[in-house]
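Subject: Structure handover

Hello,

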Amino acid sequence: MYYGNIKQYDIADGEGVRTTLFVSGCTNCCKGCFQPETWDFNYGKPYTEETENSLMEMLSDENIQGLTLLGGEPFEPENQRVLVKLLRRVKKELPHKDIWSYTGFVYERDLLEGCRKHTEVTDEMLSYIDVLVDGPFIEEKKNISLQFRGSENQRVIDLKKTLAAKEVVLYLQ
């Protein structure tokens with residue numbers, strides 16, 4: 001896996017101050033995407049053990065509320081297989097940190113068992129995520145007044161409550 005950027009102190013992509021990993025690779029290719037360079041799976045730098053250790057060090061800062069994954073697309077199958085290891089480590093070593101992830105896929109259409117982007121690690125990955133912002137960016141539905149999302153079709157999902165209820169529970173309306 002490659003990544004395009006890491007922001008140690010990010011206040012735009014989730015609640016509180018966050019460390020954000022922008023992964024590379026996306027097959028959604030949304031019109032009006034704010035980072036089309038990240039569609040390329042080989043954009044940026046290789047994600048290595050050193051990258052992960054650096055992320056863990058950044059996250060250990062007491063001022064950081066949690067980790068945010070975006071991209072590119074964290075839920076591309078090849079990215080899931082790398083990211084699940086990071087999420088597992090964050091939850092084990094820093095269990096008080098929350099995890100947000102953005103995806104251009106739709107939770108119940110693309111990520112559940114039997115769906116097109118579900119892999120052998122998707123369920124585990126989802127189990128570590130507290131808030132999932134889902135849905136493709138749709139330029140015609142762009143709304144800059146929305147919190148933590150760019151277009152009106154996108155949802156901010158409380159993933160812990162969603163998994164428990166077995167139906168989508170919104171974190172923000």
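Leaving aside residues up to four places away in sequence, Glu-152 touches Lys-141, Asn-143 and Leu-146. Contact here means heavy atoms within 4.5 Å. The model is predicted, so local features need pLDDT of at least 70 and side-chain atom pairs count only at pLDDT 80 or more, while totals for chains, interfaces and linings use all residues. Residues are numbered from 1 along each chain as its sequence is written, and side-chain values use heavy atoms, with hydrogens and water left out.

Back to Glu-152. A polar contact of 2.9 Å joins its side chain to that of Asn-143. A polar contact is a pair of N or O atoms within 3.5 Å; within protein, one must be able to donate a hydrogen and the other to accept it, and residues adjacent in sequence count only if both atoms are side-chain atoms. Glu-152 sits in the loop between E6 and strand E7 (155–158). Helices (H or I, at least four residues) and strands (E, at least two) are DSSP runs, numbered from the N terminus. Glu-152 counts as exposed because its relative accessibility is 52%. The cut-offs are under 20% relative accessible area for buried, over 50% for exposed and in between for partly exposed (1.4 Å probe, protein chains only).

Thr-122 is in helix H4 (residues 122–128). It counts as buried, at 0% relative accessibility. Its contacts, not counting residues up to four places away in sequence, are Phe-75, Gln-80, Leu-111 and Lys-117.

Now the sheet. It is open, has eight strands and runs in the order E3-E1-E2-E4-E5-E6-E7-E8, with mixed pairing. Strands E3 (45–46) and E8 (170–172) are the edges, each pairing on one side only. Two strands pair if DSSP finds at least two bridges between them.

- E1 and E3 pair in the antiparallel sense over two bridges, and Tyr-3 stands opposite Lys-45 in E3.
- E1 and E2 are also antiparallel, over five bridges; Asn-5 stands opposite Phe-22 in E2.
- Strand E5 (residues 98–102) and strand E6 (residues 131–134) pair in the parallel sense over three bridges, with Tyr-102 opposite Val-133 in E6.

Two helices pack on this sheet. Helix H1 (residues 49–59) touches strand E1 (2–10), strand E2 (18–23), E3 and strand E4 (66–71), and its direction makes about 15 degrees with that of E1. Helix H2 (residues 77–93) touches E2, E4 and E5, and its direction makes about 170 degrees with that of E4. Axes are lines fitted to C-alpha atoms, for helices over the stretch in contact, and angles run from 0 to 180 degrees between N-to-C directions.

Last, the charges. The structure holds 13 salt bridges. Each is a side-chain nitrogen of Lys or Arg within 4 Å of a carboxyl oxygen of Asp or Glu. Which residues form a network with Lys-31? Glu-139 and Glu-140 are linked with Lys-31 by salt bridges. The N to O distance is 3.6 Å for Lys-31 and Glu-139. For Lys-31 and Glu-140, the closest N and O atoms are 3.1 Å apart. Lys-31 is in the loop between E2 and E3, and Glu-140 in the loop between E6 and E7, 109 residues apart.

Glu-108 forms a salt bridge with Arg-155, with closest N and O atoms 2.6 Å apart. Glu-108 lies in helix H3 (residues 107–111) and Arg-155 in strand E7, so this pair ties together parts 47 residues apart in sequence.

Best wishes
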